[in-house]
Amino acid sequence: MTEMTKPTSDFEARLRRIGDERYHDRHPFHRLLHGGGATVDQVRAWVVNRWYYQSRIPMKDAAFMSRVEDPDLRRAWRSRIEDHDGAEGREGGIRRWLRLAEAVGLDPDYVASGAGVMPATRFAVDAYVAYVRERPLLQAVASSLTELFAPRIHAERIAGLLEHYDFATPETMAYFRHRLTEAPKDVAFGLQWVLDHARTPEDQDAAAAALTFKTDVLWAQLDALWHGYVEPGNIPPGAWRPGEGLR
């Protein structure tokens, strides 16, 4: 270790503290949802808006890979696209999300069209895609490390939805069940890559800022849902309204 490099263990602990303090499992909308307090229309609004995020993840990863010159990094990263888009003979996360949409009474074609997505959701998600496309690779990879904290929210969500909502079945929870194994695999590689490449205090500050930015992206989406569909219930123009897009 040189004088210019902080210990890796301290840096990893710093990244994990960001998740402990800022990950969106702490948001009141998720507590409402997982505790069974959300109405069917609040669940539908969440499904419609979260679709936009899900649909842009493989586009974000493709944009990242287009800038990567290291074939080893590209090979390791491309499974993320298949996790969401699927592969020959294998369903991906996007299709599983549409199955959830159908289960809550939405027309999956309506959801897949992107109609009804809140403006704040679009701004937040598009900002994330642009961040990964334009920032240095270290920051782009570090922004994906929210997956460190994803298994705990998926486990809470599966248990909570199965307990409280009739639409929740092992089949409709397939998206979250698959992420319990996909996310740890992806993030183990991403975390090690960041630890290996953040060699100076400045690098580590940049990586921590990238992870913080990503937690803000996730939190902003839930803030919009809360403002539009919980309190004060101010649905913005063009956003999904109860009764629209039903099957």
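Helices here are DSSP runs of H or I, at least four residues long, numbered from the N terminus. With that in hand, welcome to a few close-up views of this predicted model.

**View 1. His24, a buried histidine in a loop.** His24 sits in the loop that links α1 (8-22) to α2 (28-34). Is His24 buried or exposed? Its relative accessible area is 4%, and buried means under 20%, so His24 counts as buried. The side chains of His24 and Tyr23 are joined by a polar contact of 3.5 Å. Setting aside residues up to four places away in sequence, His24 touches His30, Arg50, Ile153, Leu218, Trp219 and Leu222.

**View 2. Glu88, an exposed loop residue.** Look next at the loop between α4 (71-85) and α5, where Glu88 is found. Glu88 has a relative accessible area of 83%, which makes this residue exposed. How far apart in space are Glu88 and Ser143? Their C-alpha atoms are 29 Å apart, and in sequence the two residues are separated by 55 places.

**View 3. Helix α5 and what covers it.** Several residues of α5 are buried: Gly93, Ile94, Arg96, Trp97, Leu98, Leu100 and Ala101. Following α5 comes Gly105, with a positive phi near 100 degrees. For comparison, most residues other than glycine have a negative phi.

**View 4. Helix α5 meets helix α10.** Here α5 (residues 93-103) and α10 (residues 174-197) come together, their axes within 8 Å and crossing at roughly 150 degrees. An angle over 145 degrees counts as roughly antiparallel, so α5 is roughly antiparallel to α10. On the α5 side, the residues that meet α10 are Gly93, Arg96, Trp97, Arg99 and Leu100. Their partners in α10 are Ala174, Tyr175, Phe176, His178 and Glu182. Sorted by class, this contact of α5 with α10 holds five nonpolar, two polar and three charged residues.

**View 5. Helix α9 meets helix α10.** The partner of α10 in this view is α9 (residues 150-164), and the two pack at about 165 degrees with axes 9 Å apart. The pair α9 and α10 is therefore roughly antiparallel. The crossing of α9 past α10 is left-handed. From α9 come Ala150, Pro151, His154, Ala155, Arg157, Ile158 and Leu161. These meet Tyr175, Phe176, Arg177, Arg179, Leu180, Ala183 and Pro184 in α10. By class, the contact of α9 with α10 is made of ten nonpolar, one polar and three charged residues.

**View 6. Phe176, a buried residue of helix α10.** Phe176 belongs to helix α10. With a relative accessibility of 0%, Phe176 counts as buried. What does Phe176 touch, leaving aside neighbours within four places in sequence? Its contacts are Trp46, Trp97, Leu100, His154, Arg157, Ile158 and Leu161. Phe176 is one of the α10 residues that meet α5, and it is also one of those that meet α9. The C-alpha atoms of Phe176 and Arg96 are 9.0 Å apart, although 80 residues separate the two along the chain.

**View 7. A cis peptide bond at Pro232.** Pro232 is placed in the segment after α11 (201-229). The peptide bond joining Glu231 to Pro232 is cis, with omega about 0 degrees. As a general rule, most peptide bonds are trans.

Methods:
Residues are numbered from 1 along each chain as its sequence is written. This is a predicted model: local features need pLDDT of at least 70, side-chain atom pairs count only at pLDDT 80 or more; totals for chains, interfaces and linings use all residues. Side-chain values use heavy atoms; hydrogens and water are left out. Axes are lines fitted to C-alpha atoms, for helices over the stretch in contact, and angles run from 0 to 180 degrees between N-to-C directions. Angles under 35 degrees count as roughly parallel, over 145 as roughly antiparallel, 65 to 115 as roughly perpendicular and the rest as oblique. Contact means heavy atoms within 4.5 Å. Ala, Val, Leu, Ile, Met, Phe, Trp, Tyr, Cys and Pro count as nonpolar, Asp, Glu, Lys and Arg as charged, and the others, Gly among them, as polar. Buried means under 20% relative accessible area, exposed over 50%, partly exposed in between (1.4 Å probe, protein chains only). A polar contact is a pair of N or O atoms within 3.5 Å; within protein, one must be able to donate a hydrogen and the other to accept it, and residues adjacent in sequence count only if both atoms are side-chain atoms. A crossing is left-handed if the near helix is turned anticlockwise from the far one by less than a right angle, and right-handed if clockwise.
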